[in-house]
Amino acid sequence: IHDRLFSMDQSSGFSLINPQKLTPIGVLLAACVAWGAFYFLAPIGLYRAGSDYPYLILGGCLIGLLLGLAVFEPGTNAAPSMRPADLHRTLKQIYEISFVIGMIGISLRVADWVFLRGLSIDTEFLKNREKIESAGTNAFAMASIIMIPFSIVPYMIHAVAKRNGERVGHAWKAIGLATLWPILTIVIGSRSSMFMSLGMIIISRLVIFPHTSRKVIALCCALVIGLIYAGGLIFIERLQQIGLNVEHVIRLSAFTHLAPVTQDYFYFASKLPEWGRNTLFIATTFIQYYVHGVPEFAYLVEHYQNADQGGTYSFNVLTRLAAILWGVPYDGEAAMFLMPRVGIYTTLFGPFYVDFGPFTPMFCFAIGALVSWTRRKVLLGDIAALPLYICFVIQVAAAVVINAVQSAYGIFYDIAFAALWVAIAVARRRSPAASGATAT
């Protein structure tokens, strides 16, 4: 009895995340504040709908999501328990399995790119993207897209181990694997996928480690700014490859139509040297990229004439899978043109509106409740729920910009991490030693 009590005392400080850091509600409100600051400070104007209805739907979606995010929030800090030996064994198993799956996934993707599609690091971004899109899908691509999300999990697990006084894996090995995929996306110039992966890495660092120094926070901020700037340079490189001028693009790009720059932008740009004009262009297009989803959502609600799609638009991956497995009718080209305007973002809520129309706020409440329930499981010590929760946080943070479930490979991260959670839960139930391993 004494030994058991001693083991429980040792594990009394067990936890997975800092409950008050980067909560889903907090990141959503911060994203809204950032949107407002950009709107008032940047030299841009926004499209305004002819009625209040689109903004009532948007407000309802935000309120529904916020209410859902609060629904399962614990009233007091949870105190999960786990024996140190069980903790180390569980973390080690998840780390090793995820590391192998992640490595295999990235290897398959590289093999698909190099040997089946003919991509090259010294090839222009647009040519690489054309090769990817024109070659269709294959077994390597299908397997890798579900396995690549596991490349981030070892870093999460290493961080949890360190938080709880354990050592599982090596920091630079886990970080190296986690950053390998975002680095490789540069070959195809995919900014959204890069930000999705790196966002989860940064969030993991900030919410899992018990203390984060100002130096680390400053480094994360510098990394984000550096990535925005690097992404802008990639965008400029793309423009040069097709012979476009940045001043024309800032007026003519799809995402700038409803968030155009004002004459102040051109006045400031005329006073700057080339590097200054490029920097102003990068900053302004980033802001246009960030804020354009809201006017695009208003335009969508105003002009959408088709029937509600009942989930088949936002979760079209599942629809396509059903078409492959069971022959369910699916017209990908028709689905692409359901939106009044294509090639743009409409916040988290736009695709949901296509699916659920005026009932979208209620669906957003359900989505928020799912995130809140997952967070509660993490606070109660369910390690297997952590990757899915981190993924949800970055998707909520992007809500005012993009539906990061439908875009940026988000749905595949959700599916992969949900499958990991289910697999570990099943294995835990089958293992006699697992009874009492965690408190759920």
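1. Buried means under 20% relative accessible area, exposed means over 50%, and partly exposed lies in between (1.4 Å probe, protein chains only). By that scale Tyr 39 is partly exposed, at 23%. Trp 35 is buried, at 16%.

2. This is a predicted model: local features need pLDDT of at least 70, side-chain atom pairs count only at pLDDT 80 or more, and totals for chains, interfaces and linings use all residues. Residues are numbered from 1 along each chain as its sequence is written, and side-chain values use heavy atoms, with hydrogens and water left out.

3. Aromatic pairs: the whole structure holds 22. Rings of Phe, Tyr and Trp (its six-membered ring) pair if their centres lie within 6.5 Å; planes under 30 degrees apart are stacked, over 60 edge-to-face, and the rest tilted. Trp 35 and Tyr 39 are a stacked pair, because their planes meet at 15°, with ring centres 5.6 Å apart. Both residues belong to helix 2 (residues 24-41), four residues apart, about one turn of the helix. Helices here are DSSP runs (H or I, at least four residues), numbered from the N terminus.

4. Tyr 409 and Phe 412 make a tilted pair: centres 6.4 Å apart, planes at 50°. Tyr 409 is partly exposed at 25%. Phe 412 is buried at 15%. Together with Trp 113 and Trp 181, they form one aromatic cluster.

5. Charges over rings: the test is NZ of Lys or CZ of Arg within 6 Å of the ring centre and within 35 degrees of the ring normal. Arg 205 has its charged end over the ring of Phe 209, 4.0 Å from the centre. Arg 251 lies over the face of Phe 266, at 4.2 Å from the ring centre.

6. Salt bridges: a search of the whole structure gives five. The criterion is a side-chain nitrogen of Lys or Arg within 4 Å of a carboxyl oxygen of Asp or Glu. Glu 73 pairs with Arg 375, closest N and O atoms 2.9 Å apart. Glu 73 is in the loop between helix 3 (53-70) and helix 4 (84-116), and Arg 375 is in helix 18 (residues 360-379), so the bridge ties together parts 302 residues apart in sequence. Glu 73 is partly exposed at 33%, whereas Arg 375 is buried at 2%.

7. Arg 109 and Asp 112 form a salt bridge at 3.2 Å, N to O. They sit three residues apart in helix 4, about one helical turn. Arg 109 is buried at 7%; Asp 112 is buried at 0%.

Conventions. Helix = DSSP H or I, 4+ residues; strand = E, 2+ residues; numbered from the N terminus.
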